[in-house]
Amino acid sequence: MSTLTAVLILAATVAALLAAGVLLRARTGTGSGTRSLKRRFGPEYDRTLERHGGARESAHHDLRERVERHGRFRPLPLEPAIREHYVAQWTMLQERFVDAPRQAVADADELLTRIAATRGFPDPDRRDEQLAALSVHHPHHVEGLRAVRRAAHSASASTEELREALVHARALFEDLTAHGSPAGTAAARTRPESGRNRGHLLKPKGSGA
């Protein structure tokens, strides 16, 4: 074997090992470890872990799959007129809560899924996939959509539970209708719900408040 042949074989071997290392790191290393997943998903990490009964490996597999499917997606911007239309609809359903709490919550569920579809997320008829995509791009507030969905379909949900679900969903609504790109909503992810915003949701008739 000539020296040149030996060098070429060695170079090919090193290249193969480097490629294998990059692939292994992509699957199990930086970007997919516990700390990285917690940083990326925030409260959604803990909720996913709980849904998997505390099985960390299963929860990590779930979250990594979501990132693989939806991580490269870039939500579409909203035209100003469409944004104003959605804001007006949200205001109307909050006011409607006074007389018809359950219907207002159901309307919030429908409105959020429609806005998400307008932004380019999966269509409303693929709700599980839409939730998965939203959990990747809005992990701090996606639970608001789940909350209104649960409340709207729960015959035993009290008026207060319906109100809390609608208040909870408001943060996701604000994320989805925020000006600029999703990166511009970073402040909203950690911003506590203000008393003024909570107060905007009127108490239902007969609540005594």
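Predicted model: local features only at pLDDT ≥ 70, side-chain atom pairs only at ≥ 80, totals over all residues.
A residue is called buried when its relative accessible area is under 20%, exposed when over 50%, and partly exposed in between (1.4 Å probe, protein chains only).

Residues are numbered from 1 along each chain as its sequence is written, and side-chain values use heavy atoms, with hydrogens and water left out.

**Stop 1: the whole chain**

Switch to a cartoon view. You'll find 11 helices and zero strands (both are DSSP runs numbered from the N terminus: helices are H or I with at least four residues, strands are E with at least two).

**Stop 2: T113**

Select helix α6, residues 101-118, and pick out T113. Is T113 buried or exposed? Its relative accessibility is 1%, so T113 counts as buried. Now show its side chain: a polar atom there lies 2.8 Å from the backbone oxygen of E110. Which residues does T113 touch, leaving aside neighbours within four places in sequence? Select P124, R127, Q130, L145 and R149, which are in contact with T113 (contact means heavy atoms within 4.5 Å).

**Stop 3: E44 and R66**

Next come the salt bridges, each a side-chain nitrogen of Lys or Arg within 4 Å of a carboxyl oxygen of Asp or Glu. By this rule the count is 15. Select E44 and R66: their side chains form one of them, at 2.9 Å from N to O. E44 belongs to helix α3 (residues 43-51) and R66 to helix α4 (residues 56-70), so this pair ties together parts that are 22 residues apart in sequence. E44 is buried at 0% relative accessible area, and R66 is buried at 5%.

**Stop 4: helix α9**

Move to helix α9, residues 159-176, and select R163 and E160, which sit three residues apart, about one turn of the helix. Their closest N and O atoms are 2.9 Å apart in a salt bridge. R163 counts as buried at 14% relative accessibility, whereas E160 is partly exposed at 34%.

**Last stop: a network**

Finally, select E44, R47, R51, D62, R66, E143, R146 and R150 together: salt bridges that share partners join them into one network.

Note on methods. Polar contact = N/O pair within 3.5 Å; in protein donor to acceptor, adjacent residues only side chain to side chain.
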